[in-house]
Amino acid sequence: MEIRTKFSCSLLGTFLLLSSFLSVSLSYSYHDFSSQLISRRLLKQSSSGNLIQQFLKPHNVLRAQRGLPPLKWSKKLANYASWWANKRKGDCALIHSNSNYGENLFWGSGKDWKPEDAVAAWAAEKSNYNYKTNSCKQDKDCLHYTQIIWRKSSKVGCAKVVCRTGDTIIVCNYDPHGNVIGEKPF
């Protein structure tokens with residue numbers, strides 16, 4: 001019995017010593033892990049904020065050229081754009097969601113497309129728009145551009161998805177929607 005007690009005490013002492021060491025080691029590891037986790041969250045937030053600006057800035061530069069108020073970012077619209085872009089992830093097809101939002105779609109070969117590339121493609125349609133007749137040149141697109149500069153649109157939300165094909169789809173949704181028949185954008 002005495003040997004057992006000594007052995008138990010010795011075992012208990014070893015256990016306490018090891019658990020103290022482990023506790024210090026774990027608290028250090030937890031602190032490191034916690035710091036890394038916080039750093040990743042901050043990085044993700046700043047990256048997310050940067051991505052938002054990559055969409056907003058070119059939109060608002062175009063609007064400022066026309067003396068229009070800047071668009072504000074909408075998380076609700078961004079979530080909707082993300083939902084729709086992910087629906088198109090399988091085929092990367094430029095099919096509109098048919099919602100009550102305005103919607104611009106962009107497709108690019110490969111994965112390296114940036115938000116400003118999509119906005120630049122839509123903005124390039126400016127030369128196809130005739131304000132006087134409120135129409136596009138024959139057989140030319142201009143409705144992506146007019147959606148961007150639609151005065152009544154005040155919010156935008158966008159998303160970029162790399163499709164299973166390896167190509168990119170970018171979706172931007174606008175509220176209120178533009179391109180109302182019989183109305184001019186500004």
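**Disulfides, rings and a helix face**

Me: Which hand does the link of C136 and C142 have, with -80 degrees about the S-S bond?

Reply: The link of C136 and C142 is left-handed. Keep in mind that this is a predicted model.

Me: What makes C136 and C142 a disulfide?

Reply: Their sulfur atoms are 1.9 Å apart, and a disulfide needs a pair of cysteine sulfur atoms within 2.5 Å. The pair therefore qualifies.

Me: How do you know whether C136 and C142 are buried or partly exposed?

Reply: Buried means under 20% relative accessible area. C142, at 1%, is therefore buried, whereas C136, at 25%, counts as partly exposed.

Me: What does the disulfide of C158 and C172 tie together?

Reply: The sulfur atoms of C158 and C172 are 2.1 Å apart. C158 lies in strand β5 and C172 in strand β6, so the link ties together parts that are 14 residues apart in sequence.

Me: Why is the pair of F106 and W113 called edge-to-face?

Reply: A search of the whole structure finds seven aromatic pairs. The ring centres of F106 and W113 are 5.3 Å apart and their planes are at 65 degrees. Pairing needs centres within 6.5 Å, and planes over 60 degrees apart count as edge-to-face, so this pair is edge-to-face.

Me: How do you know where the buried residues of α3 lie around the helix?

Reply: In α3, P115, A118, V119, W122 and A123 are buried. Seen down the axis of α3, the buried residues fall within an arc of 135 degrees, so they line one face of the helix.

Terms used. Residues are numbered from 1 along each chain as its sequence is written. This is a predicted model: local features need pLDDT of at least 70, side-chain atom pairs count only at pLDDT 80 or more; totals for chains, interfaces and linings use all residues. Side-chain values use heavy atoms; hydrogens and water are left out. Rings of Phe, Tyr and Trp (its six-membered ring) pair if their centres lie within 6.5 Å; planes under 30 degrees apart count as stacked, over 60 as edge-to-face and the rest as tilted. Buried means under 20% relative accessible area, exposed over 50%, partly exposed in between (1.4 Å probe, protein chains only). Helices (H or I, at least four residues) and strands (E, at least two) are DSSP runs, numbered from the N terminus. The arc is that of the directions from the helix axis to the C-beta atoms.
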